[in-house]
Amino acid sequence: MYDIFSLPAMEFPKGFVWGSATSAYQVEGHPPGPNGLDACGLGSNHWEMYKQDVDLIAQLGHQVYRFSINWVRVEPEEGRFDESAIDHYDDLIDRLLAKGIQPWVCFYHFVEPAWFTALGGFNKRVNLRYWERFLNKIVPRIASRVAGWLPFNEFNSNVPFEQGNTKLNMLRAHGLAFHLIRQYSDKPVSHAHAMEVWQPRRPYDELDRRMADWLDFMVNEFFFHA
């Protein structure tokens, strides 16, 4: 039996930062209409209560807050950007900094505009131009105030391996985002990777071992190798 109490004492390294993270869809709620995902309702109403939420984050003593900038709100119609939504995220970043909290930004936490989905989303490589345009609208405006970047959240796990074309294009989109961000920021650019452990049901069976290796590659290693 695995005994966690027998593990040696562990200390986090000097400079390790503690914080919290949210997904726009889960906490903001969404505007009504064709681009809104009504099923989420108000979430925790972070969109309206973000000022109080920043105060709560500070009271918890957190040093970092990772949040996602909701593409649905920023570009509700193809080519039309909502400046008031961008102002909202601007103000959120400023309030975090005023409290001594590092803003970390995620650009895609599994929410995209309906018009982008209708065009085929990330399943079509040609649509990366819309992703690039979205980033070009946001990154230069906030780059000097952001402490870290995560273009995507866990697409390695949440996009089924049967949708290999989508996963490959998201990988390309991640690389595109990295190089675009690097034009404006020298802060870390990473990926929220949902590591999954795959083991053969019968370790002595060669087919099971090969299938476990294949699943591990499709969920984890495809990203690390790239």
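The model is predicted: local features need pLDDT of at least 70, side-chain atom pairs count only at pLDDT 80 or more, and totals for chains, interfaces and linings use all residues. Residues are numbered from 1 along each chain as its sequence is written, and side-chain values use heavy atoms, leaving out hydrogens and water.

**The sheet**

- An open sheet is formed by 4 parallel strands in the order E1-E2-E3-E4; strands (E, at least two residues) and helices (H or I, at least four) are DSSP runs numbered from the N terminus.
- E1 and strand E4 (148-152) are at the edges with a single partner strand each, so one side of each has no neighbour in the sheet.
- From one strand to the next, the twist averages 15°.
- Two strands count as paired if DSSP finds at least two bridges between them.
- Strand E2 (residues 64-68) runs parallel to strand E3 (residues 102-108), and 5 bridges join them.
- In this pair, Ser68 stands opposite Cys106 in E3.
- E3 also pairs with E4 in the parallel sense, over 4 bridges, and Val105 stands opposite Trp149 in E4.
- Of the 5 residues of E4, 5 are buried, where buried means under 20% relative accessible area, exposed means over 50%, and partly exposed lies in between (1.4 Å probe, protein chains only).

- Contact here means heavy atoms within 4.5 Å, and angles run from 0 to 180 degrees between N-to-C directions, with axes fitted to C-alpha atoms, for helices over the stretch in contact.
- Helix H4 (residues 83-98) packs on the sheet and touches E2 and E3, its direction making about 170° with that of E2.
- Helix H8 (residues 164-182) also packs on the sheet, touching E3 and E4, and its direction makes about 155° with that of E4.

**Asn156**

- Asn156 is in helix H7 (residues 155-158).
- Asn156 counts as buried because its relative accessible area is 0%.
- Leaving aside residues up to four places away in sequence, Asn156 touches several residues, including Lys167, His191, Met218 and Phe222.
- Asn156 and Asn169 are 13 residues apart along the chain, and their C-alpha atoms are separated by 12 Å.

**Surface patch**

- Met10, Phe12, Phe16 and Trp18 make a nonpolar surface patch of about 470 Å².
- Met10 lies in the segment before strand E1 (19-21) and counts as exposed because its relative accessibility is 66%.

Conventions. Patches are made of residues with over 30% relative accessible area and no salt bridge: like charges are joined within 9 Å, nonpolar side chains (Val, Leu, Ile, Met, Phe, Trp, Tyr) within 5 Å. Accessible areas come from the Shrake-Rupley method with a 1.4 Å probe; for residues, only the protein chains shown count as cover. A salt bridge is a side-chain nitrogen of Lys or Arg within 4 Å of a carboxyl oxygen of Asp or Glu.
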